[in-house]
Structures are given as C-alpha cells and as structure tokens.
Amino acid sequence: MDSPPAPGGLGTVYRIALLSNAMHQDSYARAFARHPRLRIAAVIDEPGQERYVAERNRAMAAQHGVPYVETLDALGDPEIDVVSVGAQIERRARLAIAAAQHGKHLWLDKPPASTATDASAVADAVERAGVTALVFSHVEAPWAVALRRAVASGALGDLTALHLDFHFAKGNTLGLEGRKVPSGVGPRDQWTFRDAGAATDPTESTHNVIAKREIAEVGWYPLAHAHVLTAPNAIRRVYATAGAYFFPEHRDLGLEDFATLTLTLDGGPVVTISTGRTGRRSHAGGGRMAVRAVGTRDTLALDGGQPAIVVIGGDGAPTAPRSRPPAWGDATGFDPLVDHFVSCLDGAARPVLTARAAAQLVAVLDAAYESARRGTPVDVTPSTAGTMAGTTPGAVL
Amino acid sequence: MVAPSALATGRAIVEAARERRVGAPVYLRYAAEIAPTDDVVEAAAAAAGYAAQVLGPALDIYAVAAVAAVSTATGRDAGTDRDRRGQLVHLAVTVRHGDGSVALLGIGRRPIDAKPVSPSVLLVGDRGVVEGCHPPMLPGTPAAHADPTLGGPSSPEASAPLADAIRRSLRSGRPSPIQRDG
C-alpha cells in the first residue's frame, strides 16, 4: 500500500484522478475544475468497459485536457492525491477499495456500494489506509446548511419529526397504465440498465440509463439529510413501500420509481420520506426538496428545490428538463461540498458524510428494499449499523 | 379557525383526484401540527379518512410515534424526573391504499406557545401534482389551526376503524389491516 498523501495546507493544490465517467463523474469534474485548489490530472478506467463508457471517458479527458488511461495501475501514480470514483454502482466498492489501498483520498459517488457489506468493506479500507473519504450528497447546499443551523440553534426545540419529500422532476411521464406495486423488490445484483445502443435516456439521467433503483438513487439525498440532522441517533428500523408508477422502463424491469420510507431512530425523531423520479410535470423546478422539521418548540417547512422562476402556460410537460435557478441559489450544493472536501484534505475538517456513515445509510437502503419486499418493518442489520463512528455531529455547524 | 387556504387545497386535491386531473393518484402527503389539547391519534385517523377520500379505501396502516418527556406538574416541580412521563407528541402514519397509492401523514401536537405553521399538503399523480402554497403566518394573523380532514366529511363512525388500526399498529409495531363492519 502506498502512503496516503500528507495533509496539505492552505494553498496546496491537490491533483485528482477521475476514475470512470460511467455515471455522474462529469458533473463532479465540472465542480472540481471550478475549484482553485483542485487540478484534474487524469481520467482512469479499467480496460474492457462498455463502448459508451469508454467514449465518455475519452470525451471527459479531452474536455479537461488530461490523458485517459485504461489501467488501474495508474492509481499508483504518486502525482495523484485524490481519486473520484464515478463507476457504475456494481464496480464502485471494488474500485474505491483499490484506490484506498494505493493511499489515495476518495471522493465517492452515491451510494458508495450496492450492499451494506460492500460499503462496510470500503469504510474498512479507508480507515486502514488512513485516507480521507467523502460520499456525495446535497447536505452542503445553502438551504440544508441553514436548516441544520436552525435545528442546532435550538430554535425548534428537540426534533420530534422530520418529513421529507424528495422527487426528481425528470422524464416525460405520460401516465402509466398498469402500475406495478410493489416493484424493486427482486434480486439487486444488477443496478445499471442501458440499452444496447445507449441512445435513449427516458429518465433524463444524462448518462443514458433506462431506469434506476430510485430508493438508492434519489432516496440517498433525503436519507443523508435525515442523517446529518439527527446524528448521532442511529436509524434502527425501516418500513418502506415501493412501486413503478411513472415509467414503463421501471415497470418492465421490475424497478421502483417511487417509494416511501418511515424510519425509527434510537432516541427519535420519527422520519418519513417520499422519494423517486416523478417526471417533469411534478415540479416547477428540478424537483421537490421539501422538509418539514417539527420540534418541541416550533416547526420549520421549506422546499430547497423551489425555483426562483415559475412559468405558467403550455399544454403539457416541458420538452426538456428544466434548468430554472433555485430560489436558494443552489439547490444541490456541489461547489460548497467540493470546498468542504478540500478543507478535509487540508486536515481542517472531517467529512460531513464519511465512508463509515455512508455504509450505515447503505444498510438502511438494504433494510428498505427488504421491507418493501416483505411488506413489514425491517430492523437495520446491527452488524452494519454498528456505532455511528463516521458521524460528525455539528461538523459544519 | 382553520386556515382558509388549507381548506381550499384540501378540496382542490379531492377534486383533482376524483377527476384525474393529475393522472392516477400515486401519493398524498399531509403533515400538520394540531392544537395542544387535541388528540393526536384521533387527528391522525381523521387525516387517514381524508386520505381515503383522495386515494380510495385504505388497506392497512403503519404508525410510529414520537414520545417526549413532558412535565405533568406546574411551578417549580415542573421538569423534575418524578414529574415527567412519556407523552405522544407526533405520529407518522403510512397508509397503503387499494390501487397501490400511498399516503404519508405526520400529525404532531403544536407547542402551547408556538404559532401555527401551514400544513404540508401534496398530491402527486402520475401526470402532475396539486400542492398547497400557503402564506406564512404574519403577526396579527388570527390563530389558525390545522384540520386533518381538510374540510372533508368526517365522522366518529368513519374514523373509528382508522383510529383502531393506528392504535393496533402502535402496539404491534407492524402494519394493521383496516377492519370494517360487514
């Protein structure tokens, strides 16, 4: 194992390798490129990837003016400080572990693995290597930070309930005859569904997937918000419903496009979440990010995804995904999260969502899928829930 | 007094669901805090009754509760351990309906001195949504409270099986089927 790069200091420029552009890497790369203390050094992937991914890798390398290398040996390059893992979910944990074993700090796409067992293995590798790892979420968005500050200030009193509605307003849904309920309850050995020509993108993922498991894909965001708002209380029990209501691709593949979760935490509060990909007609902006935080003193309700502009008119869904500016200025918090990550690399902060905390959230996802399958509440597996070692309550407050 | 805009939202959602204006109903959210003296379980049952108006007959109900230690005494004894007991302050209720649609209900007890906050009301259909856009409560605004029925018909007879299912779910920790006479 290589030694992890020593923590830098103010002014250090970190060289970052982009490991596969199979999914969301191009969005991360744009945010990295905007940061003055990060320099994109290379695009890396394993040989033998599907042609679509290899082409995206080459295009991203060309866009940033860096080499594209098809070998994981490149992870050993001592000039690389950080690896951003943007592979398909099926490969994500294995590649993250490989990068950690080379002593590289990690920026991890979400969820970091397809199962809690694999996510725990990532966390183990990160801790053994002594590297910094942060898993992507929206928790550094300005509205989310303002909400955390309000909760931490005590203005709401003790939280008794969190109600979250997080929906992606993507895809031209026209109503689905023959909804499938439950859905998403079959084996989860495959996560990435593309058509052979990679020519269609009905869910507007921007990486040409036909359908995604939306409890994990969209549901990750409200779960992460709930986690940071309620830390260090552990999620112990999950009750979930899931179905295919909007997209024929989800229905035909047996995947969920919409779900609800009810979470029971040690020491409270109660948490409910609705989540999914609900089509362009479902929100005036990019999607609802609604939170109702109920405390023993007061209640706070907001929609972090509320657009600054509302257009009334037309007779159907817009012809393309909306790109309205959010009223909060930044609904997702890409740039603040990258800035926070650089502070972590400097040794000046702890990641707001560590690999260990993320592994606990993946355990919640596992329990949610099992609950939807059984139709009953399911306890989060203790062996993976463990202690909240990765939680850093108040880290950014 | 019930907030007029919340009532209007409630009616609009019922009408939209009945007339399929947003396609087939998928999901209903209702979250509100009720008056401090109201019964949380009864209010949650009323909200479940409203959900049935929107989404159709309920199949089963799963409920979890937030319990807070509250003082049962006043004056200087308040807040001491011997005067504290668990009190149900919030209910999170999942209602599964016959066509696969789902309602998430959150009913809490508003603190005595807190100003009312407009309820969160949302219907998601497979071709659109209906959502309440309520103004914040301004100083001088008459105190309004949430009405879990959102102005729809409600009766103790209609709510009783729903309240019973909520209580059974709280005891068992599992979803409880709705038991109807006949």
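A:Leu18 stands opposite A:Ser84 in strand 4 of chain A, in a predicted model. Strand 1 (residues 14-19) of chain A and strand 4 (residues 82-85) of chain A run parallel and are joined by four bridges; two strands pair if DSSP finds at least two bridges between them. Helices (H or I, at least four residues) and strands (E, at least two) are DSSP runs, numbered from the N terminus.

Six strands of chain A form an open sheet with parallel pairing, in the order 3-2-1-4-5-6.

Helix 3 of chain A lies across strand 1, strand 4 and strand 5 (105-108) of chain A, and runs at about 180° to strand 4 of chain A. Axes are lines fitted to C-alpha atoms, for helices over the stretch in contact, and angles run from 0 to 180 degrees between N-to-C directions. Residues are in contact if their C-beta atoms, placed from the backbone, lie within 7 Å.

Helix 3 (residues 89-101) of chain A also packs with helix 4 (residues 116-129) of chain A at an angle of about 5°, the axes being 9 Å apart. The two helices of chain A, helix 3 and helix 4, are therefore roughly parallel to each other (angles under 35 degrees). Among the residues making this contact are A:Ala93 and A:Ile97 of helix 3 of chain A, and A:Val122 and A:Ala125 of helix 4 of chain A.

Residues are numbered from 1 along each chain as its sequence is written, and chains are lettered from A and ligands numbered from 1 in the order in which they are written. In this predicted model, local features need pLDDT of at least 70 and side-chain atom pairs count only at pLDDT 80 or more, while totals for chains, interfaces and linings use all residues.

Methods. Angles under 35 degrees count as roughly parallel, over 145 as roughly antiparallel, 65 to 115 as roughly perpendicular and the rest as oblique. Two residues are in contact if their C-beta atoms, placed from the backbone, lie within 7 Å.
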